[in-house]
Amino acid sequence: MLYTGICRSDEHAVEGILPEMKFPIIIGHEGVGIVESIGEGVTGIKPGDRVIPLIAPQCGKCTVCKDPRGNRCLTFILNRPKGLMSDGTSRFTCKGKQIYHFLFTSTFTEYTVVEENAVTKIDDGATMDSVCLIGCGFSTGYGSALNTAKVHPGSTCVIFGLGGIGLAVAVGCKIAGATRIIGVDINADKFDKAKAFGVSECMNPKDSDKPIAQVLLELTGGGADYVFECIGNIETMTAALNSVTLLMELQFIVGVSAVQSKLSFDPLIMLSGRTLKSSYFGGWKGKDSVPMLVSDCMAKKFDLEKLVTHRLPLEKINEGFDLLRSGKCIRTVLKL
Ligand code: APR
Ligand code: ZN
Ligand code: ZN
């Protein structure tokens, strides 16, 4: 591994609120590296290749892989034991004890082991210390706007949560031609950065006595075309849902919520034809899309450097988590 970003989902893993995680585990999932060696029968990559491990692996053979709409490869989701390779083994040990894998990737380490279908070769010329963000955060947000919501030109978008994911949503909305992008965050320190990503107005729910839903309805004269929840908090998911009483269309849920949490809402609010959608990894098929996203980055279609606010060596990983928890960073990239 060369570099890895620290994503909020890694913090969720530390908190133990992701479903079916097994400990001890090597977390981290937003990385880039160089192939050191390959196993028997591996033909798609070779030692020396620059690669991004895939949280959305692609076997290429299952019904989901063959369908252009999906990216949750059934081979990996249904058959692979949680936290282990497909053959049921782990490739990490510490003092003789088995360590589990995380999200098919495990990037907070100098060396990892991944399956051939959970890694993809990228252009050697990419800037390695920021292209790692394509491994999760950037692609997740950007694809939510482009693939899942299919934001249309001239639309009004609302983004709850202006972290790495929310700002990547803003990049996607902007490229799709949205004319108004409203950012919502309880941390006003995020607002300057958000504006640099094309967010046209920012608001802090704490600044108003009215519920944020009502504020947004008034501000947009009846509602936005698309609303993205990029926090992973049930309360803000509910707030976003309740905020769209008069909206024509609703796009929703990028954030990962805690295991066993439940979302509830009045079904009548769906009666006007609204759409509630979600996606994983922005709907991108890992193997097909990641090399293309890397090429788009190199062609300066978007700027990943702007998302990286801090850089640290692996030994200072806990400082990176502190920066995330305190809301002081957008993305910290670790050098491995
Ligand atoms: N209302 C508004 N904004 C909030 C609230 C709230 N109640 N709670 C948190 N936020 C803001 C934070 O201030 C922060 O700016 O949401 C933002 C979240 O950003 P990050 O912590 O950087 O998280 P990010 O990596 O962008 O991930 C967001 O997507 O993939 C998932 O697991 C990830 O659920 C997480 C979400
Ligand atoms: Zn598949
Ligand atoms: Zn992530």
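**Figure 1. Helix H10 (residues 286–298) in the predicted model.** At 1.5 Å a residue, the 13 residues of helix H10 should span 18 Å, and its end C-alpha atoms lie 18 Å apart, which agrees. The buried residues of H10 are Gly 286, Ser 289, Val 290, Leu 293, Val 294, Asp 296 and Cys 297. Viewed down the axis of H10, these buried residues fall within an arc of 160 degrees, so they line one face of the helix. An α-helix has 3.6 residues a turn, so residues three or four places apart point the same way.

Figure 2. His 29 and Cys 136 link distant parts of the chain, being 107 residues apart. His 29 sits in the loop between helix H1 (8–15) and strand E2, and Cys 136 in the loop between helix H4 (128–131) and helix H5 (137–149). His 29 counts as buried because its relative accessibility is 1%, under the 20% cut-off. Cys 136, at 6% relative accessibility, also counts as buried.

**Figure 3. Lining of the second largest pocket.** This pocket holds about 620 Å³ of space. Strand E2 (30–34) and strand E3 (50–53) are the elements that each give two or more residues to its lining. Of the 23 lining residues, Val 35, Ser 37, Thr 112, Val 113 and Val 114 lie nearest the centre of the pocket. By class, the lining comprises 14 nonpolar, 4 polar and 5 charged residues.

Notes: Residues numbered from 1 in each chain as written. Chains lettered and ligands numbered in written order. Predicted model: local features only at pLDDT ≥ 70, side-chain atom pairs only at ≥ 80, totals over all residues. Heavy atoms only, no water. 1 Å grid on protein atoms, 1.4 Å probe; cavity = no way out; pocket = protein on both sides within 12 Å on 5 of 7 lines; lining within 4 Å. Points joined across faces, edges and corners; volume = space filled by probe spheres on them. Helix = DSSP H or I, 4+ residues; strand = E, 2+ residues; numbered from the N terminus. Nonpolar A, V, L, I, M, F, W, Y, C, P; charged D, E, K, R; others polar. Buried < 20%, exposed > 50% of the residue type's maximum accessible area, 1.4 Å probe, protein only. Expected span 1.5 Å × (residues − 1). Arc of directions from axis to C-beta.
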